[in-house]
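Points are grouped by topic.

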Amino acid sequence: MTQREDLIQYLLRLGDSALIQGQRLCEWCGRAPALEEELALMNVGLDLVGQARNWLDYSAELLADGRDADHLAFRRDERAYRNLLLVEQPNGDFAVTMTKQFLYDAWHFQVLDGLSRSSDERVVGIAAKALKEVTYHLRRSSEWVQRLGDGTEESHQRMLAAIPLLWRFTVELVNGDEEEQRLCAAGIAPQPEQIASAWQAEVDKVFAAATLPLPEPASHFYLSGRRGLHSEHLGTLLAEMQFLQRAYPDATW
């Protein structure tokens, strides 16, 4: 692959992951346990959708094939998506949602922090803006993990049930691939090993404060969101998210 092709794939990973996680959070609309939490979930979701647009805009410019960010979001099929497997998993209960959000935020923060020092000025601009938002996201989700983990007996048990549902998907958060290594060598992307180490340290710290056991590091999983090999949940999510654009392509209001 050329550096341009590597960068396109990397931008799609960032944009698709933010978009799908944002979509999942917005599914809580009208269903959250409290009005304040519903507003908070929607705000985080909208932040992520905005970040997704910025990454997908840049992807579309590099692709230069006539597609724009909306086309990339609403017209691609499941196998063309490059999002993390973690973010496409169902919301479950509030404990599952906040555990998933924390695991993603802890990774997302480190990635954006590294990208804010990229040799690509466009990447720096997008990452620096997103980092301000994700700093809040991480603070909020880590506080919820601690509150639920070290809270009531029921909340603690729900967190214990949530972790094994999600942990196997963290393999993509701590293992880089050839594209990332090449972009790292070019100074565009942060070093995957540093991201993994910082992510693990954050998870260790928050789980300890939440009195939650830390699973063994995830080492392998047979699917790969980076390669378009997704779980059964993404297709259902896309069918709902993309319905309007698929049913009425190029419609305007």
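Not counting residues up to four places away in sequence, D6 touches M1, E179, R182 and L183. The model discussed here is predicted. D6 belongs to helix α1, and this helix, which spans residues 3-26, has an axis that comes within 12 Å of that of α5.

- D6 has a relative accessibility of 2% and counts as buried, because the cut-off for burial is under 20%.
- Between D6 and L214 there are 34 Å in space, C-alpha to C-alpha, and the two are 208 residues apart in sequence.

**Nonpolar core**

- The largest nonpolar core comprises 77 residues.
- W55, F102, W107 and L115 are the residues with the most contacts inside this core.
- Helix α5 gives the most to the core, contributing 12 residues.
- Leaving aside neighbours within four places in sequence, L115 is in contact with Y10, L14, W55, V123, V124, A127, I188, A189 and P190.

**Helices α1 and α5**

- The axes of α1 and α5 cross at roughly 150 degrees.
- The two helices are therefore roughly antiparallel to each other, as angles over 145 degrees count as such.
- The crossing in which α1 passes α5 is left-handed.
- On the α1 side, the residues that meet α5 are Y10, L14, S17, A18, Q21, R24 and L25.
- Their counterparts in α5 are T97, K100, Q101, Y104, W107, V111 and L115.
- By class, the contact of α1 with α5 divides into 8 nonpolar, 4 polar and 2 charged residues.
- W107 and L115 take part in this contact and are also among the residues with the most contacts inside the largest nonpolar core.

**Helices α5 and α7**

- Helix α7, residues 153-166, packs with α5 at an angle of about 50 degrees, and the axes are 9 Å apart.
- This pair is therefore oblique, and the crossing of α5 and α7 is right-handed.
- A95, V96, T99, K100 and L103 of α5 meet R158, M159, A162, I163, L165 and L166 of α7.
- The contact of α5 with α7 has 8 nonpolar, 1 polar and 2 charged residues.

**Helices α6 and α10**

- Helix α6 (residues 121-149) and helix α10 (residues 192-209) have axes 8 Å apart and pack at an angle of about 40 degrees.
- These helices are therefore oblique to each other, with a right-handed crossing.
- From α6, the contact draws on L138, S142, V145 and Q146; from α10, it draws on E202, V206, F207 and A209.
- In terms of residue class, the contact of α6 with α10 has 5 nonpolar, 2 polar and 1 charged residues.

- Q89 lies in the loop between α4 (85-88) and α5 (94-115).
- With a relative accessible area of 6%, Q89 is buried.
- Apart from neighbours within four places in sequence, Q89 is in contact with R24, K100, L166, F169, S231 and H233.

Note on methods: Residues are numbered from 1 along each chain as its sequence is written. This is a predicted model: local features need pLDDT of at least 70, side-chain atom pairs count only at pLDDT 80 or more; totals for chains, interfaces and linings use all residues. Side-chain values use heavy atoms; hydrogens and water are left out. Helices (H or I, at least four residues) and strands (E, at least two) are DSSP runs, numbered from the N terminus. Buried means under 20% relative accessible area, exposed over 50%, partly exposed in between (1.4 Å probe, protein chains only). Contact means heavy atoms within 4.5 Å. A nonpolar core is a set of buried Ala, Val, Leu, Ile, Met, Phe, Trp, Tyr and Cys residues joined through side-chain atoms within 4.5 Å. Axes are lines fitted to C-alpha atoms, for helices over the stretch in contact, and angles run from 0 to 180 degrees between N-to-C directions. Angles under 35 degrees count as roughly parallel, over 145 as roughly antiparallel, 65 to 115 as roughly perpendicular and the rest as oblique. A crossing is left-handed if the near helix is turned anticlockwise from the far one by less than a right angle, and right-handed if clockwise. Ala, Val, Leu, Ile, Met, Phe, Trp, Tyr, Cys and Pro count as nonpolar, Asp, Glu, Lys and Arg as charged, and the others, Gly among them, as polar.
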